[in-house]
Amino acid sequence: MRKGDNGPVEDDSRLNDRSGLMRFKISDILLVSSLYDAFILEEDRGLSEQIFGEYRELELTASPRVVRVSSAKEAERELRENHYDLVLSMTHLIDIDPVDFGRKAKELQPGIPVVLLATDKRDLDRYHGVDRKRGIDKVFFWNGDSSLFLAIIKYFEDLKNAEPDIRKGMVQVILVIEDSARYQSMFLPLIYKEVMRQTRSIVEQSLNEHEKLRKRRARPKIFLAESYEEAVEVYKNYEKHILAIISDIAFPKNDTMVNDAGFEFIQTIDRDTPVIMQSSQTKYRKRSEKMGLPFLDKNSETMLQDLRNFFTEELGFGDFVFKLPDGSVVARAGNMDELVEMFEKVPSESLVYHGKRNDFSIWLMARGEFELARKLRPKRTGDFDSHMELKNYLVDAFTRAERERQLGVITDFSRQKFDYEQTFTRLGGGSLGGKGRGIAFMASLLRRHNLAEHFPSNPIRIPETLVLGTEEFERFIDDNGLRYILQEDMDDDAVAARFTDAELSSELKDSLESYLKNVETPLAVRSSSLLEDSYNQPFAGIYATYILPNNHPDEEKKLNQLCEAIKLVYASSFFKRAKAYIQSTLLKAEEEKMAVVIQKLVGNDFNHRFYPIFSGVALSYNYYPLPPLKRQDGIVNVALGLGRIIVEGGQVLTFSPERPNSIPGLSSPSDIFNNSQRKFYSLDMSRTELDLWRDGEEANLLYQDISESEKDGTLDHLASVYINGEDMIRDGPNYDGTKIVTFAPIIKHKQYPLTEILTKLLEIGEKGMGGPVEIEFANSIDEDGNLVFYILQIRPYLSMREYNQVVIEDGERKGCLIYSSRALGNGKLDDIYDIVYVSPETFDRSRTVNIAKEIGEMNEKVNGRPYLLVGPGRWGSNDNWLGIPVNWGHMAGVRAIVETPIMDIRVDPSQGSHFFHNITSLGIPYLTIAHNSKEDFVDWTWLDDMPAENKGQYVRHLRLSSPLLVKVDGRGGYGMIKKVR
């Protein structure tokens with residue numbers, strides 16, 4: 001609130017510290033991004049809490065204000081009308097190249113820092129090193145860890161404050177010499193975290209308040225240098241104030257990469273300065289150690305921990321305080337509940353005093369309570385006729401805000417009243433992880449768009465969700481000494497044994513026990529890692545999910561089952577499959593942190609089988625549209641029962657929400673019958689004793705014939721009847737013949753608005769995330785027999801970026817090894833010399849598990865070289881009869897994939913599967929040889945005639961003397977692979 005008639009209006013300008021240090025603070029940030037990125041910023045609280053903690057620690061009045069816009073045009077309007085201290089821009093702007101936008105931003109506000117956030121290697125290659133005069137000050141790589149934002153803010157504050165602060169006080173400098181934006185983005189957040197931790201330690205040892213204040217303001221500044229010349233300039237300017245140097249070894253000098261520039265630079269400085277050398281080439285370790293300098297291996301899985309050790313070994317927030325106008329303290333409040341309680345107890349004079357000073361809105365802003373803070377800020381104490389009216393207003397505003405926060409937002413476990421209907425609860429600090437963040441984001445979108453107005457008779461909900469933050473994972477790993485496993489080549493059984501033998505913290509177990517006392521339904525315990533479900537590395541299906549009946553009569557054993565599931569989800573981040581997938585990205589296993597999502601399982605209990613009436617995966621982008629469908633029409637995979645059959649690539653119904661009555665690729669009743677769902681998953685509620693690791697993720701799941709669901713009365717909601725003698729399908733269950741899952745009552749006869757709901761959700765999901773999305777959903781039956789729609793998960797669904805248009809000319813097909821009219825990807829590859837393939841002659845549908853194992857053996861023999869993988873059926877399918885069930889551990893080095901037909905069955909690509917999602921995100925070209933196509937082909941004769949480098953019972957490995965040429969036209973969907981002579 002502001003002062004009204006009783007005094008002057010509050011001055012919103014920042015007050016400078018009495019020490020004169022750190023005068024410049026970034027107060028206003030312009031974020032040019034999608035709504036999803038802004039949600040991460042304000043709702044996931046990784047950034048909000050860290051900024052809040054930092055500002056409270058430094059005794060500042062408020063955190064920076066962040067204004068988000070969705071386009072460069074909106075950003076330019078903001079920059080014309082308002083002052084900003086920093087611009088953060090994602091690389092993919094809708095209406096302009098980000099470099100051109102940066103130049104325009106600097107024209108509108110000269111000197112404003114413009115930072116570009118890249119999300120994949122292609123963006124780094126494209127923008128890092130861009131001439132800074134063109135508009136970009138720095139390019140950072142963002143992997144979803146919000147601590148990078150805090151580091152960026154502090155870095156640019158340091159650039160402004162360093163000169164005056166060093167001149168006025170004993171402020172020191174840490175010089176980081178690194179030309180890689182990727183490693184800058186890893187080092188900078190860690191360095192700031194360690195500096196803040198050290199600063200707090202020093203403050204605790206201070207002799208008096210004045211010394212505390214001075215030490216808080218006098219924390220070291222961080223400087224980044226990307227070249228030899230920049231490093232020399234920083235060192236000369238601040239030589240007497242250099243606290244430490246973290247130096248790469250190879251970096252530019254005189255615009256030329258010099259392999260030992262770091263050693264050359266170090267020889268010119270005061271050798272009493274602590275220095276650590278770092279490089280991806282371990283051959284420099286001996287030279288570093290010979291110079292008496294510690295060496296940091298960039299390729300080490302413990303690189304970040306090694307850097308922390310350098311700081312440790314080599315270098316050495318609160319309550320709302322109610323006062324009266326005379327300064328005397330009358331009460332304290334540590335949270336909003338206590339604040340509301342104090343409103344009723346403290347003298348009215350205290351409320352007026354703080355209202356005039358705008359203390360309530362400042363306190364709220366520091367805690368990320370932006371909406372309520374903005375509501376209070378315009379209010380004047382003179383707006384109220386009496387002190388009692390002011391008090392009642394405050395109580396009502398805070399109480400209403402607290403109540404509204406329970407829906408569509410994240411609630412801390414300690415604040416949860418265990419009224420779990422449609423709530424999202426956080427237990428523990430750190431990030432929610434990708435899956436948890438996506439669920440919370442979708443909950444916020446439902447609240448924002450108020451879908452009850454669109455579908456008043458058809459509830460759309462989020463399952464009641466509890467997320468264990470990543471700090472619980474880190475605590476578990478550190479308390480039990482498990483971090484060393486990253487460096488060990490242990491099999492999954494050994495990893496699981498160590499994790500299940502370890503103990504969760506007593507505080508976490510107590511909280512889980514309290515949680516279980518209020519939840520009686522089955523639970524899904526799902527991974528939600530920091531890197532999972534991101535824009536470019538989805539990690540779909542890489543980590544574990546366990547479903548628990550949650551029905552053991554012994555409360556202690558029920559708690560133990562939940563704890564075991566959590567520990568096995570943690571363990572899955574150390575499994576070979578996860579490590580293999582991480583190796584195929586820019587990331588390091590040490591960067592990964594695991595949150596855990598615990599959701600009430602959607603469904604109903606039918607004769608000791610628990611499952612949803614139907615579940616599905618909806619995608620707003622269709623990679624393989626068959627006429628008359630278009631890519632932008634989207635695609636939906638639906639099935640009776642649990643959705644596991646979909647994400648495993650099983651046989652389910654596929655349709656487009658834009659053209660729901662057209663089933664892609666199936667033209668006759670017999671086609672529809674032969675390709676209809678035959679089995680379904682459900683949870684076995686008759687079992688109470690579980691051995692999750694021994695029995696696996698399917699420990700208590702039933703995989704039964706679809707006819708079993710007829711006993712439960714669920715098949716009738718989705719069924720038609722196939723009449724064999726007439727080759728005819730009749731909608732509805734009341735005919736003689738074989739019941740099959742067609743969803744005709746829902747899709748064709750509109751007994752439930754499924755297509756309308758999915759169309760709306762995909763629309764708002766795309767707008768919110770700024771691109772294609774994938775939504776997992778399920779439907780249960782309520783007490784009145786009505787269907788209730790639940791959104792289980794939303795994540796970005798990467799459409800292949802087409803930086804350069806690739807055209808395949810008609811004449812290029814001649815002499816091709818492989819040609820496909822249904823290709824996924826875009827671009828050219830000319831570095832593949834190896835082919836791993838399964839010939840139709842050796843392929844055996846009954847031996848696909850053995851074939852997958854043999855492919856894994858070939859993958860090791862290829863020894864890290866990129867290769868082409870070719871074979872029949874749906875790659876990565878868990879239905880062994882539809883394809884080869886490989887995982888990332890089997891094919892870590894694959895660079896391009898070809899799917900060929902199985903002669904006796906039609907198998908279409910499963911776009912809802914986890915495997916398919918990961919393929920698209922990694923930019924791996926995927927060529928499908930269409931069934932019975934006249935233009936698609938593989939030259940099997942050439943492959944079989946080539947001598948094999950390695951040969952197994954089913955799989956051959958070829959090593960060529962010249963590379964293959966892989967071309968994919970992403971716009972037309974055509975692909976070819978040609979032999980280069």
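This is a predicted model: local features need pLDDT of at least 70, side-chain atom pairs count only at pLDDT 80 or more; totals for chains, interfaces and linings use all residues.

Trainee: Which residues of helix α19 are buried?
Mentor: In α19, residues 470-479, the buried ones are Thr470, Glu472, Phe473, Phe476 and Ile477.

Trainee: How do you know that they are on the same side of α19?
Mentor: They cover an arc of only 155° around the axis, and therefore lie on the same side of α19. As a general point, an α-helix has 3.6 residues a turn, so residues three or four places apart point the same way.

Trainee: What covers the buried residues of α19?
Mentor: The cover includes the strands β16 (424-427), β18 (465-468) and β21 (594-600), along with the helices α20 (492-501), α21 (506-516) and α22 (555-572). Ring pairs also link Phe473 and Phe476 into a cluster with Phe499, Tyr570 and Phe574.

Trainee: Why is asparagine 299 called partly exposed?
Mentor: Its relative accessibility is 47%. Buried would need a value under 20% and exposed one over 50%, so a value in between counts as partly exposed. Asparagine 299 lies in the loop between β12 (295-297) and α12 (303-314).

Trainee: What does the side chain of aspartate 633 reach?
Mentor: A polar atom of that side chain lies 2.9 Å from the backbone nitrogen of lysine 630. A polar contact of 3.5 Å joins the side chains of aspartate 633 and arginine 659, and the cut-off is within 3.5 Å. Leaving aside neighbours within four places in sequence, aspartate 633 is in contact with Pro628, Ser656, Pro657, Glu658 and Arg659.

Trainee: How many aromatic pairs does a search of the whole structure find?
Mentor: The search finds 26. In one of them, tyrosine 228 and phenylalanine 265 are 6.1 Å centre to centre, with 90° between the planes. Centres must lie within 6.5 Å, and planes over 60 degrees apart count as edge-to-face, so this pair is edge-to-face.

Trainee: Where in the chain are tyrosine 228 and phenylalanine 265?
Mentor: Tyrosine 228 is in helix α9 (residues 228-238) and phenylalanine 265 in helix α10 (residues 261-266), 37 residues apart. Both count as buried, tyrosine 228 at 11% relative accessibility and phenylalanine 265 at 1%.

Trainee: Why is the pair of phenylalanine 322 and phenylalanine 343 called edge-to-face?
Mentor: Their ring centres are 6.3 Å apart and their planes at 90°, so edge-to-face is the label. Phenylalanine 322 lies in strand β13 (residues 320-323) and phenylalanine 343 in helix α13 (residues 336-343), so the pair ties together parts 21 residues apart in sequence.

Trainee: What makes the charged end of arginine 813 sit over the ring of tyrosine 819?
Mentor: That charged end is 4.3 Å from the ring's centre. The label asks for a distance within 6 Å and a position within 35 degrees of the ring normal.

Terms used. Residues are numbered from 1 along each chain as its sequence is written. Side-chain values use heavy atoms; hydrogens and water are left out. Buried means under 20% relative accessible area, exposed over 50%, partly exposed in between (1.4 Å probe, protein chains only). Helices (H or I, at least four residues) and strands (E, at least two) are DSSP runs, numbered from the N terminus. The arc is that of the directions from the helix axis to the C-beta atoms. Contact means heavy atoms within 4.5 Å. A polar contact is a pair of N or O atoms within 3.5 Å; within protein, one must be able to donate a hydrogen and the other to accept it, and residues adjacent in sequence count only if both atoms are side-chain atoms. Rings of Phe, Tyr and Trp (its six-membered ring) pair if their centres lie within 6.5 Å; planes under 30 degrees apart count as stacked, over 60 as edge-to-face and the rest as tilted.
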